[in-house]
Amino acid sequence: MKKLLFLACLALPCVAQAQTVAFTTEDYAPFNYREGKEIKGATVEQVEKVMAAIGVDYTIEVLPWARAFGLARTAPMTCVFATAHNGQRDPLFKWVEPLLVDRNILITRKGSGVTAGTLEEAKKYTIGTQREDYTETILKEKGFTKLDVASDFNATLRKLLSGRIDMMPISQLYFEKLKGDQPLEMVTVLSSQPMGIACEKSFPEDLRAKMQAALDVLIANGEQKKIFLKYGMDLSE
């Protein structure tokens, strides 16, 4: 799979970097996705701006989530985004966040007859999710047992639309954009969490701190909000 390499500096001369940061992500529009040979999305643009601000070489590769996540667990100088930061994952990575703060909801296809006012009521249905996705962990922790685990988000969505599963978890921000194109409706709220960049444990702390400082500026100056508005998502809602 072809990697895209980007290099940018805010000031000249650029200081040569001894290493390149390898970012992995998944195909999950409008946050991160491929469009032809380009890798685009609201979180991709934030990563690009952060790395441009600190003048460090990097690559971005779109992979199935389990592989993207696994590489960030084991490969030095590798980070995965956008990754939900929860108690289980906290000690596994070094974090740069938030790229966004989002609620995860359970959705079904319109006309399915699926109803659940609470998570307990939802447990009688078959829920689809993705292997190694944080929603798989959340569902198991909350006592869901009828799980259908696919390789990626799009495979789960196809199963939902075809009636092979009853519900699936999804970012509420993404759902607000997706529901205009697909016959889908919200059932109930599953969880709420910050989403960030998760880097392999040996990642240099000074570099992580520079990335965090650049992201902090992006948030403080309103640029993060502008990026989400560009992709049709209003974070103030």
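Gly-232, with a positive phi near 80°, follows helix α8 in this predicted model, for which local features require pLDDT of at least 70, side-chain atom pairs count only at pLDDT 80 or more, and totals for chains, interfaces and linings use all residues. Residues are numbered from 1 along each chain as its sequence is written, and side-chain values use heavy atoms, with hydrogens and water left out. Helices (H or I, at least four residues) and strands (E, at least two) are DSSP runs numbered from the N terminus.

Helix α8 spans residues 223-230, and its buried residues are Gln-224, Ile-227 and Phe-228; buried denotes under 20% relative accessible area, exposed over 50%, and partly exposed the range in between (1.4 Å probe, protein chains only). Viewed down the axis of α8, the buried residues fall within an arc of 95° and therefore line one face of the helix, the arc being that of the directions from the helix axis to the C-beta atoms. The exposed residues Lys-226 and Lys-230 are carried on the face of α8 turned away from its buried side. The cover over the buried residues of α8 includes α1 (42-54), β7 (94-109) and α7 (205-220), where contact means heavy atoms within 4.5 Å.

With a disulfide defined as a pair of cysteine sulfur atoms within 2.5 Å, the count is 1 disulfide. The bond joins Cys-79 to Cys-199, with an S to S distance of 2.1 Å. Cys-79 belongs to strand β6 (residues 78-84) and Cys-199 to strand β11 (residues 184-199), so the pair ties together parts 120 residues apart in sequence. The link of Cys-79 and Cys-199 is right-handed, with 100° about the S-S bond. Cys-79 counts as buried, at 0% relative accessibility, and Cys-199 counts as buried at 0% relative accessibility.
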